[in-house]
Amino acid sequence: MEVLVTEDWLLKLPKVDLHLHLDGSVKPETILELALHQGIDLPVYDKDQLIPHMRVNDECSSLTEYLSKFHFTTRFLQLAEALDRVAYEVAQQAAEHNCKYVEVRFAPQLHRDMGLTVEETIQHVIEGLNRGRRDFGVRAGVIVICMRHHAIETNLEVVTAAAKFAGRGVVAVDLAGDEASYPPEIFRDVFAESKRLGLPITIHAGEAAGAANVYEAVANLGAVRIGHGVRLRENASILELVRNRRIPLEMCPISNIQTKAVPSWESYPIREYLERGLMVTINTDNPSVSGTNITKEYRVLADRFGFTAPELVKLIMNGVEAAFLEESDKLTLRREMENELSSLGLLN
Ligand SMILES: O=c1[nH]cnc2c1ncn2[C@@H]1O[C@H](CO)[C@@H](O)[C@H]1O
Ligand SMILES: [Zn+2]
């Protein structure tokens with residue numbers, strides 16, 4: 001029997017989200033309260049009127065413009081309680097969409113204006129997620145981000161701190177920020193150190209620059225997953241490499257349209273990538289900046305590309321496969337997902 005991809009069905013579907021930025025997931029009502037507690041002035045004191053300050057609109061023309069939205073939010077995320085709270089609320093929002101597992105990424109160096117150490121920022125995010133796990137049953141891992149516009153030393157400090165939390169909440173490291181201005185090869189030493197410390201690596205690449213950055217990330221930085229990789233199709237042999245190595249792509253459709261990683265939905269290569277055998281996963285990137293959620297991402301795929309229920313389930317299970325989890329934890333997650341899928345009549 002063919003399953004209709006209704007709103008209710010999409011909401012019930014068990015899901016995962018592997019590419020989700022903490023500072024891109026803050027609710028406007030939380031900003032109101034954080035501003036009040038911290039004595040920071042706001043341009044407006046109404047949660048709906050705050051949205052334009054936090055979210056891009058349809059006119060967003062580039063990744064650089066998209067990234068400018070983060071300056072507004074990070075001001076409120078400089079204290080332990082704030083980091084703990086927004087991490088907790090990520091788990092809460094995940095639960096609202098029946099998202100069973102999230103990998104939450106953040107850049108410690110963006111949260112130190114009030115004197116927190118890199119370790120402290122990581123500790124508080126982990127604590128918030130642990131509380132979220134207890135209250136909402138959502139499993140989570142932290143991906144610690146190095147920023148492209150930060151100095152090498154600053155990023156080395158980040159990976160050193162991240163390694164101290166390996167196996168205790170941190171699952172990987174990443175490189176994010178302005179890809180067009182800072183090519184990945186600048187960061188070889190940083191990720192060589194990450195590798196030496198045994199941290200898995202994912203890199204934002206092929207979003208605001210071409211496929212060569214994906215090659216550099218995989219071949220020289222040691223990336224085992226790629227953030228976005230939308231522009232991979234610009235080079236057939238690099239695409240082949242990514243396919244043969246089974247490197248998962250963390251695609252974020254709504255964000256990818258907004259940052260102009262592709263000019264239009266018609267040219268979004270998701271079907272092409274699946275047909276060419278790439279390991280595609282679906283994620284949100286920044287719910288509050290992009291005005292999205294994980295249910296909406298799957299809705300878009302069904303509406304724009306005619307993805308059927310079994311195809312959506314396949315994409316979700318790719319996410320489980322690609323998760324930075326120990327094999328035994330991955331097995332537990334897979335079983336839990338499969339149980340729910342079969343009770344929805346989706347597994348034979
Ligand atoms: O899609 C993206 N591409 C590159 N960088 C991003 C993207 N989304 C967010 N950030 C950057 O990552 C920082 C830490 O979370 C954010 O502050 C933003 O500057
Ligand atoms: Zn991202």
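In this predicted model, helix α4 (63–68) and strand β3 (139–147) each supply at least two residues of the shell around ligand 1. The ligand sits in the second largest pocket, and 15 residues are found around it, of which H21, D23, G177, E207 and D285 come nearest. Polar atoms of several side chains approach the ligand. An N or O atom in the side chain of H21 lies 2.8 Å from an oxygen atom of ligand 1, and a polar atom in the side chain of D285 is placed 2.9 Å from an oxygen atom of the ligand. In the case of N286, an N or O atom of the side chain is 3.0 Å from a nitrogen atom of ligand 1. Taken alone, ligand 1 exposes 410 Å², and 97% of that area is buried by the protein.

The residue L20 belongs to strand β1, which comprises residues 15–21. With a relative accessibility of 5%, L20 counts as buried, because the limit for a buried residue is under 20%. When residues up to four places away in sequence are not counted, L20 touches S25, V90, V102, E103, V104, R105, T284, D285 and P287. One of these contacts of L20, D285, is also among the residues that come nearest to ligand 1. A further relation across the chain is seen between L20 and E250, which are 230 residues apart along the chain, while their C-alpha atoms are separated by 9.9 Å.

Helix α10 spans residues 212–220, and its buried residues are N213, V214, E216, A217 and V218.

A polar atom of the S194 side chain lies 3.0 Å from the backbone oxygen of V190. If the neighbours of S194 within four places in sequence are left aside, this serine is in contact with V159, V173, L199 and I201.

The phi angle of H228 is near 75°, which is a positive value in a residue other than glycine. H228 counts as buried, because its relative accessibility is 0% and the limit is under 20%.

A positive phi in a residue other than glycine is also recorded for K260, where the value is near 65°. K260 lies in the loop between helices α12 (253–258) and α13 (270–275). At 35% relative accessibility, K260 counts as partly exposed, because this value falls between the limits of 20% and 50%.

How values were computed. Residues numbered from 1 in each chain as written. Chains lettered and ligands numbered in written order. Predicted model: local features only at pLDDT ≥ 70, side-chain atom pairs only at ≥ 80, totals over all residues. Heavy atoms only, no water. Helix = DSSP H or I, 4+ residues; strand = E, 2+ residues; numbered from the N terminus. Buried < 20%, exposed > 50% of the residue type's maximum accessible area, 1.4 Å probe, protein only. Contact = heavy atoms within 4.5 Å. Near = heavy atom within 4 Å. Polar contact = N/O pair within 3.5 Å; in protein donor to acceptor, adjacent residues only side chain to side chain. Areas by Shrake-Rupley, 256 points an atom, 1.4 Å probe, with all protein chains shown as cover. 1 Å grid on protein atoms, 1.4 Å probe; cavity = no way out; pocket = protein on both sides within 12 Å on 5 of 7 lines; lining within 4 Å. Sits in = over half its atoms within 2 Å of the grid points.
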